[in-house]
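Work through the exercises below with the sequence and the 3D structure at hand. Each task is followed by its solution.

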Amino acid sequence: MSLDEDARWLDWMTRQFESIAGDDKEIDIDEFKAALKVKDSFFAERFFALFDSDGSSSISLDELLKALDLLIHGSETDKLRFLFQVYDVDGSGSIDPDELRTVLKSCLRESAISLPEEKLDDLTLALFESADKDSSGAITFEELKAELENFPEVMENLTISAANWLKPPDVEQKKRRAPRYLTRVYWHNNSRKLLFLCLYAGLTVLLFTEAMLQHSYGGGWFMVAKGCGQCLNFNCTLVMVLMLRRCLTWLRATWVVRVLPLDQNILLHQIVGYAILCFTLVHTVAHVFNFAQLAESGEYRLWEFLLTTRPGIGWVKGTASVTGVVLQALICLMVLCSCTFVRRSGHFEVFYWSHLSYVWVWILLVIHCANFWKWFVVPGLVFVLEKIVGIAVSRMGGLYIVEVNLLPSKVTHLVIKRPQFFHFKPGDYVYINIPVIAKYEWHPFTISSAPEQSDVLWLHIRSMGQWTNRLYEYFRQAESPEVSPKRLATSLRNRRHLMKTQEELFSSTNSSGGVASNEDGAIELMMYRQNGSRSEEAAAPKSESQGPAEPLPDEQGPAERGEAPPLKEVSVKFGENHRFCNIKCYVDGPYGTPTRQIFASEHAVLIGAGIGITPFASILQSIMYRYRMRKQNCPNCSYSWCENIKDSDMKLRKVDFIWINRDQKSFEWFVSLLTKLEMDQADEEPEGRFLEMHMYMTSALGKNDMKAIGLQMALDLLAKKEKVDSITGLRTRTQPGRPEWGKVFQKVSEEKKGKVHVFYCGAPALAKVIKAQCEHFGFKFYKENF
């Protein structure tokens, strides 16, 4: 640390000590935990014992500062010696297997990692056998030091960790930097959006000025009101155009996407919405002042101008003032209920229902303003046509939820029978309505299955609001109705027969080296393996993240069978968190998102935070399909490889997939899919690995934490030995903590695989961080938003 940091640290530690030690000027073990924020009892007790140099069961300020000074300013050997003493519980001068196991168990508990006792034994033996060079049955200090030297990144982080877990809270230092909005990189990466906003602002100013000049006869306040009114005519139409989802989805497939910021239509919709609020407020205030002037010299009072039709203002029976007051209230309500703190706080329904008042806003605008209908008529007809088409598409055929899986962290995995003519692109989303949950509510969710799965749609829904929680609870608490043994036996027998058929298709596909017509069978087999037993080819743990199974004739919807709808929903429980069912639903879509650009990219970086993996699950499955299409096998031996992608539909040369989860269980959502993807990546490739996966677990202690060093070394050693990660069961090693985005993007930039496009889906706060890094490296950034 620098001299300033050192002085600040000393002052902080002294104040912390004095505030906790009390009158006796010493701290005991409980006070020590509170002062240094060490939660785990094992490490707290070990640190306390080492700091208590006189063995008095309490620590004085001098003892504490002396120990901490050694850790922060001492040599590398001093810090390694301290780490060794933490592990040497009995103080014998060596570490035996039981002591090492105790340390690793404490590390797992503090990192919120749950592993079986057998796996803990494997971790202990892996680290112990590697460090015990002379096979003496104990690890000496020299052996531990030699082992740590095999992990240079751990040695580096050991020095950092000694200061990090004891240093005072960070004090943000404000540096003088140019605002990001004034940098050349920002303007380059946001050129389409900025051009659109400039044109929008210019047109708004032009309309405002023209309307003011046309009404100059009425005085200043009247001119301002008319100028704002003309801008409202334009903005109240534009705000609707920006939400013509079907038209925008169609335009994304044309050259227009290279000119207009179609992928940021939601952001522009929000900007125009705030502009409407501002123009409405100014328009209302200007009219109030204008009416106040008229009231002074006229026969009507101010309240009559504002709240009655007596003055006869307006083209429909003098209702301009009354409709204006109602419009002002509705617009304020819509903007308020559209704020992030409402939509993201589990009250999406408030936003949903308040936003439906746009219909009344348009009706009142037609009554309020004589010229609004001229702006509205064409976009309004397109909007109505879209709605009619959406209703028709959603009601065509019988759509049924045929399978449900309840996954960790309250995620509901729905498997829906796919309509015959339902076509979508990877990453698209749909609106779904489930009458048994809420008859009139439609909610948007990303499709997590690949377009190549011709029979089903997947939706993974995180319980975060009223509707999503009701959905999860409906399937969690639903009791299975009595089902005749004959029906259930037939169902299971048919499923086993179908699985056997898929196994044969998969075997023939692998043996022939091609996919041809068996491709769908291979994909479906992967889904069955997610449902049932562990794949013999993948060394992954059994997961609750289960995929869909082919619906049987007696599980298909009545519309597919040509029968009348059932009188009640059918639900057959197949496992604790897995059931087959026939539940009616309606789907409106699909609608395009920015991820449609992925296959036009050269180097794509996919970043999913938590359930934000859903659009990328679809994309990765589609990549898997196309990947297998280019797999080649040598006719004379068992060697196989993958050619470079040549098809015009996918220009990708490299894909980096980054998945960030809070806890271990969240990885179970898609671990089977990722395992299958890793299996396909086992072949040689001319230009290196096409797809690289990076897993991060934020609850795990990072490598810069002294308490986690041994665990991370053990996990690395066991992963190299077993060729599988102990946390997820994937071959990809799960990294602790959060990504260091600067280093991540620096590595991506150095690979030089082509222009980099970064696609993100997850929390808005993290999006800002990633977007700033993308601007720094000159990467194109896309955020899922609908």
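Two strands pair if DSSP finds at least two bridges between them. The model used here is a predicted one.

**Exercise 1.** State how strand S5 is joined to S6, and which residue stands opposite Ile432.

Solution. 
- Strand S5 covers residues 429-433, and four bridges join it to S6.
- S5 and S6 run antiparallel.
- Opposite Ile432 stands His443, a residue of S6.

**Exercise 2.** Classify the packing of helix H16 against helix H19 and describe the contact.

Solution. 
- H16 spans residues 320-337 and H19 spans residues 358-368; their axes lie 10 Å apart, at an angle of about 155°.
- Angles over 145 degrees count as roughly antiparallel, so H16 is roughly antiparallel to H19.
- The crossing of the two helices, H16 and H19, is left-handed.
- H16 contributes Ala320, Thr323, Gly324, Val326, Leu327, Leu330 and Met334 to the contact, and H19 contributes Tyr358, Trp360, Val361, Leu364, Leu365, Ile367 and His368.
- By class, the residues of this contact are 11 nonpolar, three polar and no charged.

Definitions and conventions:
Residues numbered from 1 in each chain as written. Predicted model: local features only at pLDDT ≥ 70, side-chain atom pairs only at ≥ 80, totals over all residues. Heavy atoms only, no water. Axes fitted to C-alpha atoms, helices over the stretch in contact; angles between N-to-C directions. Parallel < 35°, antiparallel > 145°, perpendicular 65-115°, else oblique. Left-handed = near helix turned anticlockwise from the far one by under 90°. Contact = heavy atoms within 4.5 Å. Nonpolar A, V, L, I, M, F, W, Y, C, P; charged D, E, K, R; others polar.
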